[in-house]
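The entries below follow the order in which I took them.

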Amino acid sequence: MNWNTHLKAQSTRATQLYHNLLKIAGKSWGVPLIHRRTLYKTVTERVLAHGAVAWCLEPTVRIARKLSTIQRPFLLEISGAYRTTSTAALQVILGIPPLHLQLQREARGTALFRLRLPLSTNISDIDPSEIEEKATGWSTHPSEHLSPTQISLDDGGNINTGLRIYTDGSKTERGVGAAFCVLTDVNITHRWSTRLSLRNTVFQAEILALLKAVEHAVSLPTQQLTILVDNQASINSAANPKSHNSIARKIFKLLHSHPHIRVSWIKAHAGYIGNEEADRLAKEAAETENFPETHHSSYQNLLSKHS
């Protein structure tokens, strides 16, 4: 029930159509390029779209890669480009969208307007444009910078005092997850995780987890506190006063107004309890259908220690 047999059969049929196209088209003779594009859209794509409503409403990463492999040789023959040209460049040049997105659009249209089926809402479906929204205008005043002690790209695995918050993001064939957990001494006292759309990237999950961790740290009583992140790109983005990423800007402003919060890089999968727990939470969120934003806490114990 994973559509492997169907995709294999469709791939075989597409290969036959590709060889037929080679017989009537060459670099400097045969069917013109514009007619090759028409043949692809009206014949090959229609063959591959067979039954898409049953298997391409939410294509997995594996299906997307398989369809991209099937589509690539056709794009090369239609464009006449060099074999080393990337698939993404060919799609942009020809104005032909990635095959899995084209089939997903058609599958959703069929489900909505012909079969009257409600679309699945089993993921939080955070739009990548919201995560990567480009901020405009001044990010901060030129004189505003984070304290040199607030950001560290050295391995913070040896930090074992004070409150520690570990963040992580994960992407699998089934989804994308973001998470953080709070470690006090050797006890996990707070957990947060959420599931994102398959369209989101690992970086988007990582920086979202960092934002949620910083927001949580701000809500705590002022104390020695370190946020440990195993992704240096998200740390650099958050520490950049000129960043155009809207989430990175939010993190920068929160850190600037709360200098007691430190952010440090940590080596991933090195056996650190908090990092392993954050990784587990992110993967669980990514791979679990109908996974809502979760919020687990044994927080009253933590607050009572500082009251």
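**Entry 1: S11 and its helix**

I began with the contacts of S11 and found that S11 touches K66 and I70, leaving aside residues up to four places away in sequence. I note here that the model is predicted. I then placed S11 in helix α1, which runs over residues 4–24. Is S11 buried or exposed? I read a relative accessibility of 16% for S11, and the cut-off for buried is under 20%, so S11 counts as buried.

**Entry 2: α1 against α4**

I next looked up how α1 lies against helix α4, residues 61–79. I found that the two axes come within 10 Å and cross at roughly 5 degrees. Since angles under 35 degrees count as roughly parallel, α1 is therefore roughly parallel to α4. I listed the residues that meet between these helices. From α1 they are N4, L7, S11, A14, L17, Y18, L21 and L22. From α4 they are R62, I63, K66, L67, I70, P73, F74 and E77. I recalled the general rule that an α-helix has 3.6 residues a turn, so residues three or four places apart point the same way.

**Entry 3: Helix α8**

I checked the length of α8, which covers residues 202–218. At 1.5 Å a residue its 17 residues should span 24 Å, and I found the end C-alpha atoms 24 Å apart, which agrees. How many of the 17 residues of α8 are buried? I counted twelve, and I recorded α8 as mostly covered. Among the buried residues of α8 I noted Q204, I207, L208, L211, V214 and H216.

**Entry 4: Strand β6 and its partners**

I turned to strand β6, residues 261–265, and found it mostly covered, with four of its five residues buried. Which strands pair with β6? I found that strand β1, residues 151–152, pairs with β6 in the parallel sense over two bridges. I located S152 opposite S264 in β6. I also found that strand β5, residues 225–229, pairs with β6 in the parallel sense, over five bridges. I located V229 opposite W265 in β6.

**Entry 5: Cysteines**

I finished with a search for disulfides, taking a pair of cysteine sulfur atoms within 2.5 Å as the criterion. The count came to zero. I then looked up the accessibility of C56 and read 0%, so C56 counts as buried. I read 0% for C181 too, and C181 therefore counts as buried.

Definitions and conventions: Residues numbered from 1 in each chain as written. Predicted model: local features only at pLDDT ≥ 70, side-chain atom pairs only at ≥ 80, totals over all residues. Heavy atoms only, no water. Buried < 20%, exposed > 50% of the residue type's maximum accessible area, 1.4 Å probe, protein only. Contact = heavy atoms within 4.5 Å. Expected span 1.5 Å × (residues − 1). Pairing = 2+ DSSP bridges. Axes fitted to C-alpha atoms, helices over the stretch in contact; angles between N-to-C directions. Parallel < 35°, antiparallel > 145°, perpendicular 65-115°, else oblique.
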